Amino acid sequence: MGTEVIEYTGKLITVAKADELYDEVYKGHTFLFTLNDDWIIDANQGGNAAKWINHSCEPNCIPVLYEDEHDRSQDQVFILTLRDIKMGEELNYDYGISFDIPYTARLKEIWVCHCGAPSCTGTMLKPMDHERRMEP
Ligand SMILES: [Zn+2]
């Protein structure tokens with residue numbers, strides 16, 4: 001547990017550039033990792049094997065952000081294990097995807113989850129930040 005598996009790498013782009021390049025909301029899969037409010041790692045450009053790690057509602061790994069307090073463009077993401085992983089077992093983590101738009105039936109269909117975990121929520125979408133704050 002807590003073993004570093006791989007760094008999520010790719011070209012560092014701004015959130016604005018990502019919006020310009022990709023229509024992630026309606027794609028249903030992503031090779032982008034949001035680092036912080038300003039920066040995104042674009043694994044479409046120079047990404048490593050980390051981009052192939054799938055989403056799961058019961059993940060065996062977790063992405064951990066290593067923040068650079070002086071320069072947020074230097075932040076890094078590493079995929080760490082949450083428990084011991086057997087030989088040949090597929091790695092996965094919770095993508096924690098959220099968009100700041102209403103979750104329509106179409107959007108839920110696009111981001112449907114087939115991870116097969118007993119606790120699968122059926123969607124990769126997480127409540128939007130303001131909804132999460134409103135939860136008791
Ligand atoms: Zn699932």
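**Close-up views of the predicted model**

**View 1. Strand E4 faces partners in two strands.** Leucine 32 has aspartate 42 in E4 as its bridge partner. The structure shown is a predicted model, where local features need pLDDT of at least 70 and side-chain atom pairs count only at pLDDT 80 or more, while totals for chains, interfaces and linings use all residues. Residues are numbered from 1 along each chain as its sequence is written, and side-chain values use heavy atoms, with hydrogens and water left out. Threonine 34 is found opposite isoleucine 40 in E4. Three bridges connect E3 with strand E4 (residues 39–42), and the two run antiparallel. E3 and E4 also make a hairpin, with four residues between them. Aspartate 42 in E4 stands opposite lysine 11 as well. Between E2 and E4 there are four bridges, again in the antiparallel sense. Helices (H or I, at least four residues) and strands (E, at least two) are DSSP runs numbered from the N terminus, and two strands pair if DSSP finds at least two bridges between them.

**View 2. The E2-E4-E3 sheet as a whole.** This open sheet has three strands in the order E2-E4-E3, with antiparallel pairing. Strand E2 (11–14) and strand E3 (32–34) are at the edges with a single partner strand each, so one side of each has no neighbour in the sheet. On average, neighbouring strands here are turned by 30 degrees against each other, direction ignored. For such angles, axes are lines fitted to C-alpha atoms (for helices over the stretch in contact), and angles run from 0 to 180 degrees between N-to-C directions. As a handy reminder, the strands of a sheet pair through backbone hydrogen bonds, either parallel or antiparallel.

**View 3. A second open sheet, E1-E7-E6.** Three strands build this sheet in the order E1-E7-E6, and the pairing is antiparallel. E1 and E6 are the edge strands, each pairing on one side only. Neighbouring strands of this sheet are turned by 30 degrees on average, direction ignored. E6 and E7 are joined by six bridges in the antiparallel sense. If you want a residue to start from, look for leucine 65, whose bridge partner in E7 is valine 77.

View 4. Six aromatic pairs turn up in a search of the whole structure. One of them, tyrosine 8 with phenylalanine 33, is tilted, at 5.2 Å centre to centre with 50 degrees between the planes. Tyrosine 8 is in the loop between strand E1 (4–7) and E2, and phenylalanine 33 is in strand E3, so this pair ties together parts that are 25 residues apart in sequence. Buried or exposed? Tyrosine 8 is buried at a relative accessible area of 2%, and phenylalanine 33 counts as buried at 15%. Tyrosine 66 and phenylalanine 78 form a tilted pair too, at 4.7 Å centre to centre and 35 degrees between the planes. This pair links distant parts of the chain, 12 residues apart: tyrosine 66 in strand E6 and phenylalanine 78 in strand E7 (residues 76–81). Tyrosine 66 is partly exposed at 33% relative accessibility, whereas phenylalanine 78 is buried at 12%. Tyr8, Phe33, Tyr93 and Tyr95 come together as one aromatic cluster. Lysine 51 sits over the face of phenylalanine 31, 5.3 Å from the ring centre. Rings of Phe, Tyr and Trp (its six-membered ring) pair if their centres lie within 6.5 Å; planes under 30 degrees apart count as stacked, over 60 as edge-to-face and the rest as tilted. Buried means under 20% relative accessible area, exposed over 50%, and partly exposed in between (1.4 Å probe, protein chains only). A charge sits over a ring if NZ of Lys or CZ of Arg is within 6 Å of the ring centre and within 35 degrees of the ring normal.

View 5. Cys57 (SG), Cys113 (SG), Cys115 (SG) and Cys120 (SG) are the protein donors of the zinc ion, lying 2.3 Å from it. The four donor atoms subtend angles of 105 to 113 degrees, so the arrangement is tetrahedral. Along the chain, the donors follow the spacing C-x55-C-x1-C-x4-C. Cysteine 57, in the loop between strand E5 (54–55) and strand E6 (61–66), and cysteine 120, in the loop between helix H2 (105–110) and helix H3 (129–134), link distant parts of the chain, 63 residues apart. Cysteine 57 is buried, at 16% relative accessible area, while cysteine 120 is partly exposed at 26%. Donors are N, O and S atoms within 2.8 Å of the metal (3.2 Å for Na, K and Ca); water is not among the atoms, so sites may look incomplete. Four donors count as tetrahedral if all angles lie between 85 and 135 degrees; four count as square planar and six as octahedral if opposite donors are over 155 degrees apart and all others between 65 and 115; anything else is irregular.
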